[in-house]
Amino acid sequence: MPRKTVARRRLVFAALVLTALVLLSAFFREPATGVLHSVQRSGFDVLSPLQSLASRAVQPFQDGYRWSKDLMRANSRNREMTRELESMRGQLVLLEEARQENDRLKSLLELKDADIFPKGSTFVTARVIGRSPTRWQEWVQIDRGTADGVALNQPVVGATIPTDQSLSGKGLVGKVIAVGEHAAQVQLIIDPESSVAAVVQGASDRPEGIVEGMIPGKLLMDFVERDKVVELKRIVITSGFGQIFPKGIPIGLVESVGEEDVNIYKQIEVRPFVDFSILEEVMVLTNPAPAGEAVEDMSSIAPQQDMGTGGQ
Amino acid sequence: MIAAWLADKGRLALALVAAVAFQTVVTSQLPILGVTADLFLLLTVLVAISRGATVGLVFGFVAGLTADIVFLDPVGLRTFIYLIVGYGVGWYVEEFGLPSAWMVVVLAGVTSLLSQGVYGIFQFIMGSAGGFMAMTRLQVLPAALVDGLLAAPLYVGLVRLRILPRPDAADPSFR
């Protein structure tokens, strides 16, 4: 290859690398209203109707695929459950214990629809039309934006209709981190950069902590003091601190409680009420802090900026 | 001469626009093995294979910039990764040739693996919590597999649409 061509290629390479790094640096330095953010927002606005359309078109195929997958699983699951049932019959004592635990949980779960979320909340129901392309981040794109009353930092909760009295599908989903006219980006609580101030419900000393997203898609409640008693299967709800999520939104159930000698806090694994892998519809709380509820000082919330990011 | 040059670049631009539409409408809605294929990266690899390092790196820059906007990533991140990919793959093929169609699959898979790795390192630098092994298992390896397997049919399709040149026209030893 001629030396001139090689030199020109190296020059182009160096120039483009430099440009990419300058772009990256400028993106982090500029405010959310900056040029690069605006370009990205425009792309977001242009592509979101297309995505919305595609999401609706693909839905029957996705449902069909899920249905056939469920059908294939049904047979083996039936055998599995029959075996399980046989085993359970021999464990009446354990069942009785489980029944008592169930009674206790049911009393906690008597929140019912109207009381699950803060009183006076108004919702905008939205369809999930896109997802983060990699699992390094966990976000979804919804088909509602500023035109529908959606704004930055509004909490988002699950809209799945439960088949029983449980909270399944009705827990906290995340918060709006970017908003266009007819679409918004929602950071899920399982995103590694998400953090939600939370409290374990039902415990006498109300252990408080921060529920953080963990790769890959798990929830960890951290900063819970070691002297607090945390029982398994307790409900974890938002504490209202942090001023984005109002108090009382269910997050999940305590699945395991870990303690390490070198750590001054407990580390609690929380199983979310929402199954994020099948999230299809969500509700955005458009007035997340009604009078008398947890957020006491709305004036201290940072002014709204489109396409901003960050944890609570 | 200029008309031919414009037509050639126009075809590549058209391929990129088609990738935006396809990525948005189809690929992002249909995850395979829990991940979605990255058409921008695949296009960069295939363009670099058939056009060489210089075109590969310029195309990688433009494709990466487009991906940053479509994927809502920090602008410049994928731009940087893909231009390196375009240059690296183009250089490799110029130096060692493309002896077999399987190399397209291997190059796409390896490139996806490496670019996911760089992307992951950036995420950790930015403070993402999480396990290296878990992300390798759930994201990096499946994405490399999906990208690798998708590269071959995409390559065939682009050659048939005359967006990319036939490999055997340039290299008679290609199988």
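Colleague: Is L72(B) buried or exposed?

Modeller: In this predicted model, L72(B) is found in the loop between α3 and α4 of chain B. Its phi is positive, about 55 degrees, although L72(B) is not a glycine. The cut-off for burial is 20 or more other C-beta atoms within 10 Å. Since L72(B) has 23 other C-beta atoms within 10 Å, L72(B) is buried.

Colleague: What scores does the model have for ipTM and pTM?

Modeller: For chain B, the mean pLDDT is 86, and 93% of its residues reach 70 or more. Where pLDDT is low, predicted coordinates should not be read in detail. For the model, the scores are ipTM 0.85 and pTM 0.68.

Colleague: Which element of chain B gives the largest share of the side that touches chain A?

Modeller: The contact takes 35 residues from chain B and 36 residues from chain A. On the side of chain B, the elements that give two or more residues are α1 (2-25), α3 (53-70), α4 (77-96), α5 (102-125) and α6 (132-160). The largest share, seven residues, comes from α3(B).

Colleague: How do the residues of the side of chain B that touches chain A divide into nonpolar, polar and charged, and what are the counts?

Modeller: Chain B gives 35 residues to the contact with chain A. The residues on this side of chain B divide into 21 nonpolar, 13 polar and one charged.

Colleague: Which residues touch the most other members of the largest nonpolar core?

Modeller: In soluble globular proteins, nonpolar side chains tend to be buried together. The largest nonpolar core here holds 117 residues. Leaving aside residues up to four places away in sequence, L42(B) touches A37(B), A108(B), D147(B), L150(B), A151(B) and L154(B). The residues that touch the most other members of the core are V186(A), V282(A), L42(B), V45(B) and L46(B).

Colleague: In what order do the six strands of chain A close into a barrel?

Modeller: The pairing in the barrel is antiparallel. From one strand to the next, the twist averages 45 degrees. The order is β6-β7-β8-β11-β10-β9.

Colleague: What is the bridge partner of M221(A) in β11(A)?

Modeller: M221(A) is itself the bridge partner of V211(A) in β8(A). Strand β8 (residues 218-225) and strand β11 (residues 265-272) of chain A pair in the antiparallel sense over five bridges. In β11(A), the bridge partner of M221(A) is I268(A).

Colleague: How many C-beta neighbours inside 10 Å does K233(A) have?

Modeller: K233(A) lies in the loop between β8 and β9 (235-238) of chain A. K233(A) has a positive phi of about 70 degrees although it is not a glycine. K233(A) counts as partly exposed because its C-beta neighbours inside 10 Å number 14.

Colleague: What is the C-alpha to C-alpha distance in space between T146(A) and A183(A)?

Modeller: T146(A) is placed in the loop between β2 (139-142) and β3 (155-158) of chain A, and with 16 C-beta neighbours inside 10 Å it counts as partly exposed. Not counting residues up to four places away in sequence, T146(A) touches A151(A), V179(A) and E181(A). T146(A) and A183(A) are 37 residues apart in sequence, and their C-alpha to C-alpha distance in space is 7.7 Å.

Notes
Residues numbered from 1 in each chain as written. Chains lettered and ligands numbered in written order. Predicted model: local features only at pLDDT ≥ 70, side-chain atom pairs only at ≥ 80, totals over all residues. pLDDT = per-residue confidence, 0-100. Core = buried A, V, L, I, M, F, W, Y, C linked by C-beta atoms within 7 Å. Buried ≥ 20, exposed ≤ 12 C-beta atoms within 10 Å, placed from the backbone. Contact = placed C-beta atoms within 7 Å. Helix = DSSP H or I, 4+ residues; strand = E, 2+ residues; numbered from the N terminus. Nonpolar A, V, L, I, M, F, W, Y, C, P; charged D, E, K, R; others polar. Pairing = 2+ DSSP bridges. Axes fitted to C-alpha atoms, helices over the stretch in contact; angles between N-to-C directions.
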